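User: I'd like to learn how to read a few features off a protein model. Can we walk through one together?

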Amino acid sequence: MSRTHLLATGRAFLFDMDGTILDSNAIVEKLWRVFAKRHNLDADDILSFSHGRPSITTIAHFLPDLSADEHQHLSDERTAEEIRITSGIVAIPGAVAFFQQLDQLGVPYAVVTSATADLARTRIVAAGLPIPDVLVTPETITQGKPNPEGYLTAASQLGVAPSQTVVFEDADAGITAGIAAGAQVVVVGSAAQHDDCIQAHPHIPDFRGVTVDALGDGTFTVAIP
């Protein structure tokens, strides 16, 4: 009889988007490099800071002398560019089958992303993934990751205590947000790039082979072979 390794148990699953359930890295990196060149900034510094954070947060961080209206204008321009480009967006390996399991079992889930609602829906559809009933974006909260507000909001909308949720994340900012929310956290991707605190959490390279089972009392397990 085959054995599995239990990763987490919860009543609802909360997902980051970019880098966790879908890959849009090529588009994101290209646009940030164009932005850096246009504003005489270091592209690698921007890429290191921006992952998991709303675009406007990154823009304000690197262009602090601009006004709030100018930050918003640049962020809106960038979002419009991102929405136009969908080629190359793919689901993280195994994610399509994983979400099929969730839908078949009736697992409540949400996506919590630093992308705008329009951009998030565009990318989720482009990747061939289902649009979640609960989608938490910067338009619906006041503080982005690493603040836990997004994950707390998702848990509240699903009617589940944060401690009974499982957060799937790939970026330090999002992982920190999940931990601060009191959720169980599963790191997606390479754990080696994160600090010791984050490495202490269970991690998966992608969703291939990840299984979900219903315990019959409203809770669900996530396991790997």
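Predicted model: local features only at pLDDT ≥ 70, side-chain atom pairs only at ≥ 80, totals over all residues.

User: Where is the place of His71, and which residues is His71 in contact with, leaving aside neighbours within four places in sequence?

Analyst: His71 sits in helix H4; helices (H or I, at least four residues) and strands (E, at least two) are DSSP runs, numbered from the N terminus. Contact means heavy atoms within 4.5 Å. Leaving aside neighbours within four places in sequence, His71 touches Ile56, Ile59, Ala60, Leu63, Pro64 and Leu66.

User: Which residues of helix H3 are buried?

Analyst: In H3 (residues 55–62), they are Ser55, Thr58, Ile59 and Phe62. Seen down the axis of H3, these buried residues fall within an arc of 100°, so they line one face of the helix; the arc is that of the directions from the helix axis to the C-beta atoms. They pack against helix H1 (25–38), helix H2 (43–50) and helix H4 (68–84).

User: What about the backbone: what is phi of Asn40?

Analyst: Phi of Asn40 is near 55°, a positive value in a residue other than glycine. Asn40 lies in the loop between H1 and H2, and it is exposed, with a relative accessible area of 73%. For omega, look at the peptide bond from Lys145 to Pro146, which is cis, with omega near 15°. Pro146 is in the loop between strand S6 (134–136) and helix H7 (149–158).

User: And how do I read the whole chain?

Analyst: Count the elements, then check the overall dimensions. The protein chain has nine helices and eleven strands, and 48% of its 225 residues count as buried. With 225 residues, a compact globule would have a radius of gyration near 17 Å, and the chain's 17 Å agrees; the radius is taken over C-alpha atoms, and the globule rule is 2.2 Å times the number of residues to the power 0.38. Along its principal axes, the C-alpha trace spans about 60 × 35 × 30 Å.

Notes:
Residues numbered from 1 in each chain as written. Heavy atoms only, no water. Buried < 20%, exposed > 50% of the residue type's maximum accessible area, 1.4 Å probe, protein only.
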